[in-house]
Amino acid sequence: MTQLQTPELTPEEQAHVASGGRVFIVEEIPGPLWRVLVVKGGVCRVMLKPDGMDGYSTREDAELNAMAFANLAEDSPMVRR
């Protein structure tokens, strides 16, 4: 996974990351496509995108996948939609 520049986080997101949590961020990329980033410990990486593609074709698909992953995770990550 390639490390990316971390988007600006809200104070609530900053506090969550500072306490060891993760934040998933749905981001638009050229195409227009959508992908999910994960921020943890000051590192930002692409977490979710469809196999063989640069991103999801709709924001809704990216959001649904981010929410599903967050709901299944044991560490209760935050999701910015």
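Tutor: Two strands are said to pair if DSSP finds at least two bridges between them, and that is the test to apply in this predicted model.

Student: What makes strand S1 and S4 a pair, and in which sense do they run?

Tutor: Two bridges join S1 (residues 3–4) to S4, and the definition asks for at least two, so S1 and S4 count as paired. The two strands run antiparallel, and within S4 the bridge partner of Gln 3 is Arg 45.

Student: How do you know that S3 and S4 pair, and which residue of S4 is the bridge partner of Val 38?

Tutor: S3 and S4 are joined by five bridges in the antiparallel sense, and since at least two are required, they pair. The bridge partner of Val 38 in S4 is Arg 45. Two residues lie between the strands of this hairpin, where Gly 41 has a positive phi near 60°.

Student: What makes the largest nonpolar core a core, and which elements supply at least two residues of it?

Tutor: A nonpolar core is a set of buried residues of nonpolar types joined through side-chain atoms within 4.5 Å, and the largest such set has 11 residues, among them Phe 24, Trp 34, Val 36, Met 47 and Ala 66. S2, S3, strand S4 (43–48) and helix H2 (59–72) each supply at least two of its residues. A second, separate core has eight residues, including Leu 9, Val 23, Leu 37 and Cys 44.

Student: How do you know that the span of H2 agrees with its number of residues?

Tutor: At 1.5 Å a residue, the 14 residues of H2 should span 20 Å, and the C-alpha atoms at its ends are 20 Å apart, which agrees.

Student: Which residues of H2 are called buried, and why are they placed on the same side?

Tutor: Ala 62, Glu 63, Ala 66 and Ala 70 are the buried residues of H2; they cover an arc of only 95° around the axis, which puts them on the same side. An α-helix has 3.6 residues a turn, so residues three or four places apart point the same way. The buried residues of H2 pack against S2, S3, S4 and S5, whereas the face turned away from them carries the exposed Glu 60, Leu 64, Asn 71 and Leu 72.

Student: What are the buried residues of helix H1, and what covers them?

Tutor: In H1 (residues 11–18) the buried residues are Glu 13, His 16 and Val 17, and their arc of only 95° puts them on the same side of H1. What covers them includes strand S2 (22–29), strand S3 (33–40) and strand S5 (78–80).

Note on methods
Residues numbered from 1 in each chain as written. Predicted model: local features only at pLDDT ≥ 70, side-chain atom pairs only at ≥ 80, totals over all residues. Heavy atoms only, no water. Buried < 20%, exposed > 50% of the residue type's maximum accessible area, 1.4 Å probe, protein only. Helix = DSSP H or I, 4+ residues; strand = E, 2+ residues; numbered from the N terminus. Arc of directions from axis to C-beta. Contact = heavy atoms within 4.5 Å. Expected span 1.5 Å × (residues − 1).
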